[in-house]
Amino acid sequence: MKTLLLGLVMCLPAALPLSAEEFGRIDGTLNGEPRNWYTISLTQGGQSDASATFSTGGITSDLHLQGHPRAAFTTSDVLSIDLMYMGAVEPGKAPISVEVMYLPTGMTPPFWSSEEAPAPASVTFEELTLDGDIGRAVGSFSATLCKVESLTSGANTSQCQQIEGQFDTQVLIEE
């Protein structure tokens, strides 16, 4: 969770003056209410960035899908779906972690996270293409999100809400 929040903070100063374009969609229900979020792409000084990314490191591979309530950079009402794989991503290989996080007021607590929730979050892919410069992720997700009052507190498992939905987005392949 702290990695996601750090990522949001790092993109904030550079992204505010930029225009964003729709990169994909995340459609779902949060506590039974239909919701829509957009993954976005940004360009600054010839450099491209996106809120849907895939990166590989020496030990892990990470897929990050961050949705905004409109096709623009926002710091509130953000939904994040993060998967971490040990080594390379291969067909049928399960991630070592899946976290879904909802930030209704952006960087100001409380947050809602699947980390420490009574049941693990799940993601299923219909398509996952992660080669070249731009890949694609199509699938569905489901999670129980529990309230987190601060960065240093654990989840309050007596205050939880359900989220589920589908995503169809391009994915920026980072080196």
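Is phenylalanine 167 buried or exposed? Phenylalanine 167 is buried, with a relative accessible area of 2%. The points below start from the overall fold and come back to this residue. Keep in mind that this is a predicted model.

1. **Overall make-up.** The chain has one helix and eleven strands. The order from the N terminus is α-β-β-β-β-β-β-β-β-β-β-β. Of its 175 residues, 42% count as buried. Among contacts between residues at least 6 apart in sequence, 58% join residues at least 24 apart. The accessible surface comes to about 8,800 Å², and 51% of that belongs to carbon and sulfur atoms.

2. **Main core.** The largest nonpolar core has 27 residues. Those with the most contacts inside it are Leu79, Ile81, Val100, Phe141, Leu145, Ile163 and Phe167. Strands E1 (20–30), E4, E5, E6 (78–86), E7, E10 (134–148) and E11 each supply at least two residues of this core. The largest share, five residues, comes from E11. Apart from this core lies another, of eight residues, with Met101, Leu103, Ala117 and Cys146 among them.

3. **Phenylalanine 141.** This residue is one of those with the most contacts inside the largest core. Leaving aside neighbours within four places in sequence, phenylalanine 141 touches Ile26, Asp27, Leu79, Ile81, Ser122, Val123, Ile163, Glu164, Gly165, Gln166 and Phe167.

4. **Aromatic pairs.** There are two aromatic pairs. Tryptophan 37 and tyrosine 102 are edge-to-face, 6.3 Å centre to centre, with 70° between the planes. Tryptophan 37 sits in strand E2 (residues 33–44) and tyrosine 102 in strand E7 (residues 97–103), so that pair links distant parts of the chain, 65 residues apart. Both tryptophan 37 and tyrosine 102 are buried. Phenylalanine 125 and phenylalanine 167 are also edge-to-face, at 5.8 Å centre to centre and 70° between the planes. Phenylalanine 125 lies in strand E9 (residues 122–129) and phenylalanine 167 in strand E11 (residues 155–173), so this pair ties together parts that are 42 residues apart in sequence. Phenylalanine 167 is buried, whereas phenylalanine 125 counts as partly exposed, at 25% relative accessibility.

5. The structure holds five salt bridges. Arginine 35 bonds in this way with aspartate 77, the closest N and O atoms being 2.5 Å apart. Arginine 35 is in strand E2 and aspartate 77 in the loop between E5 and E6, 42 residues apart; the pair links distant parts of the chain. Arginine 35 and aspartate 77 are both buried.

6. **Other charged contacts.** Aspartate 27 forms a salt bridge with arginine 25, with the closest N and O atoms 2.7 Å apart. Aspartate 27 is partly exposed, at 25% relative accessible area, and arginine 25 is partly exposed at 27%. Lysine 147 and glutamate 149 meet in a salt bridge at 3.7 Å, N to O. Lysine 147 is buried because its relative accessible area of 17% is under the 20% limit. Glutamate 149 is partly exposed, at 44%. Glu127, Arg136 and Asp168 are linked in a network of salt bridges.

7. **Surface patch.** Ile59, Met86 and Ile96 form a nonpolar patch on the surface, with about 310 Å² of accessible area together. Isoleucine 59 is placed in the loop between strand E4 (52–56) and strand E5 (60–67). With a relative accessible area of 60%, isoleucine 59 is exposed.

How values were computed:
Residues are numbered from 1 along each chain as its sequence is written. This is a predicted model: local features need pLDDT of at least 70, side-chain atom pairs count only at pLDDT 80 or more; totals for chains, interfaces and linings use all residues. Side-chain values use heavy atoms; hydrogens and water are left out. Helices (H or I, at least four residues) and strands (E, at least two) are DSSP runs, numbered from the N terminus. Buried means under 20% relative accessible area, exposed over 50%, partly exposed in between (1.4 Å probe, protein chains only). Contact means heavy atoms within 4.5 Å. Accessible areas come from the Shrake-Rupley method with a 1.4 Å probe; for residues, only the protein chains shown count as cover. Patches are made of residues with over 30% relative accessible area and no salt bridge: like charges are joined within 9 Å, nonpolar side chains (Val, Leu, Ile, Met, Phe, Trp, Tyr) within 5 Å. A salt bridge is a side-chain nitrogen of Lys or Arg within 4 Å of a carboxyl oxygen of Asp or Glu. Rings of Phe, Tyr and Trp (its six-membered ring) pair if their centres lie within 6.5 Å; planes under 30 degrees apart count as stacked, over 60 as edge-to-face and the rest as tilted. A nonpolar core is a set of buried Ala, Val, Leu, Ile, Met, Phe, Trp, Tyr and Cys residues joined through side-chain atoms within 4.5 Å.
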